[in-house]
Amino acid sequence: MKTIFERTPALSDAVTHYCPGCTHGIVHRLVAEALDELDLTGRTIGVAPVGCAVMAYNYFECDMVQAAHGRAPAVATGVKRTHPGSIVFTYQGDGDLAAIGTAETVHAAARGENITVIFINNAIYGMTGGQMAPTTMPAQVTQTSPYGRDVSKAGYPLRVSEMLATVDGARYIERVAVNSAANVKKAKAAIKKAFANQAAGNGFTLVEVLSTCPTNWGLDPVKALDWLKDNMMPYYPLGVYKDGAAPEAGGEA
């Protein structure tokens with residue numbers, strides 16, 4: 001029988017620990033395919049976060065480093081500066097990146113560190129039981145906002161891509177989603193472009209991926225995909241938020 005679909009080499013054959021319907025697995029494959037197609041896997045070093053993807057080191061066939069909560073961009077900075085010929089990426093959720101790790105992310109971008117960040121936004125804390133996250137939307141129900149996020153008390157969600165697009169050191173910022181075949185294809189193209197930019201030495205790149213969390217959203221996997229489309233995509237519009245070089249020193253943004 002002819003094989004028509006198989007595991008890409010950069011993706012390990014380990015069984016993942018993710019909940020049924022979680023789209024982390026899709027993003028893992030897209031990252032692995034991008035690295036393989038660009039022939040970068042052999043010199044890639046990934047940085048695993050604290051969060052649902054804490055065991056990402058089991059799922060990629062490249063060197064991996066474990067970072068403390070929120071510190072993946074700082075660890076990636078050290079790795080890249082020590083091994084400038086390597087391709088270095090972080091894989092982080094919204095709690096890791098946009099809460100405890102906000103400063104690390106913003107300043108890595110401001111310095112123009114030549115690393116790639118894969119940012120998973122599912123609008124909730126997944127690993128710890130479904131609490132409100134920095135990306136939880138107004139009126140969204142979570143374990144710690146049972147009546148919906150009240151912006152008068154909890155403030156507004158962070159739109160990470162829009163924020164980082166204003167940072168001079170950032171080179172390429174795009175928000176994608178993995179809720180449909182068409183969007184998965186676009187997500188892969190964005191991830192591949194981010195790695196290609198890094199390989200060319202162009203600076204900081206980030207791809208934000210709108211992802212599902214069926215378990216903590218209290219939905220089955222199919223309805224979770226619909227919920228993402230109907231609720232997250234209007235609040236977090238897809239698209240390229242920055243695609244260009246940083247300004248010259250002393251110049252204007």
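## Close-up views of a predicted model

View 1. A pocket is defined on a 1 Å grid over the protein atoms alone, as an open set of points with protein on both sides within 12 Å along at least five of seven lines, whereas a cavity is a set of points where a 1.4 Å probe fits but cannot get out. Grid points are joined across faces, edges and corners, and a volume is the space filled by probe spheres set on the points. Lining residues, which have an atom within 4 Å of a point, number 18 for the largest pocket, and Val50, Gly51, Cys52, Gly95 and Gly126 lie nearest its centre. Helix α3 (residues 94-100) contributes the largest share of this lining, 3 residues; helices (H or I, at least four residues) and strands (E, at least two) are DSSP runs, numbered from the N terminus. The lining of the largest pocket divides into 8 nonpolar, 8 polar and 2 charged residues, where Ala, Val, Leu, Ile, Met, Phe, Trp, Tyr, Cys and Pro count as nonpolar, Asp, Glu, Lys and Arg as charged, and the others, Gly among them, as polar.

Two notes apply to every view. Residues are numbered from 1 along each chain as its sequence is written, and side-chain values use heavy atoms, with hydrogens and water left out. As this is a predicted model, local features need pLDDT of at least 70 and side-chain atom pairs count only at pLDDT 80 or more, while totals for chains, interfaces and linings use all residues.

**View 2. The second largest pocket.** The second largest pocket has a volume of about 170 Å³. It is lined by 16 residues, and Tyr18, Cys19, Cys52, Gly126 and Met127 are the closest to its centre. Helix α8 (residues 214-217) gives the most to this lining, with 3 residues, and by class the lining of the second largest pocket holds 8 nonpolar, 8 polar and no charged residues.

**View 3. Two nonpolar cores.** In soluble globular proteins, nonpolar side chains tend to be buried together. A nonpolar core is a set of buried Ala, Val, Leu, Ile, Met, Phe, Trp, Tyr and Cys residues joined through side-chain atoms within 4.5 Å; buried means under 20% relative accessible area, exposed over 50%, and partly exposed in between (1.4 Å probe, protein chains only). The largest core has 32 residues, of which Val27, Val31, Phe89, Ile118, Ile191, Phe195 and Val207 touch the most other members. Two or more residues of this core come from each of α1, β3, β4 (116-121), β5 (170-177), α7 and β6 (204-210), and α1 gives the largest share, 6 residues. Leaving aside neighbours within four places in sequence, Val27 is in contact (heavy atoms within 4.5 Å) with Tyr91, Ile118, Ile120, Val178, Ile191 and Val209. A second, separate core of 21 residues includes Ala67, Ala76, Leu97 and Leu206.

**View 4. The buried side of helix α2.** In helix α2 (residues 72-82), the buried residues are Ala72, Pro73, Ala76, Thr77, Val79 and Lys80. These buried residues pack against β1 (44-48), β3 (87-93), α4 (102-110) and α7 (181-199).

View 5. Arg29 lies in helix α1 (residues 24-37), and it counts as buried because its relative accessibility is 18%. The side chains of Arg29 and Glu33 are joined by a polar contact of 2.7 Å, that is, a pair of N or O atoms within 3.5 Å; within protein, one must be able to donate a hydrogen and the other to accept it, and residues adjacent in sequence count only if both atoms are side-chain atoms. Not counting residues up to four places away in sequence, Arg29 touches Phe5, Glu6, Arg7, Thr8 and Leu11. Gly25 also lies in helix α1, but Gly25 is partly exposed, with a relative accessible area of 32%.

**View 6. Two alanines with positive phi.** Ala123 lies in the loop between β4 and α5 (151-154), and the place of Ala139 is in the loop between β4 and α5. Phi is near 65° in Ala123, a positive value in a residue other than glycine, and near 75° in Ala139, again a positive value in a residue other than glycine. Ala123 counts as buried because its relative accessibility is 0%, whereas Ala139, at 55%, counts as exposed.
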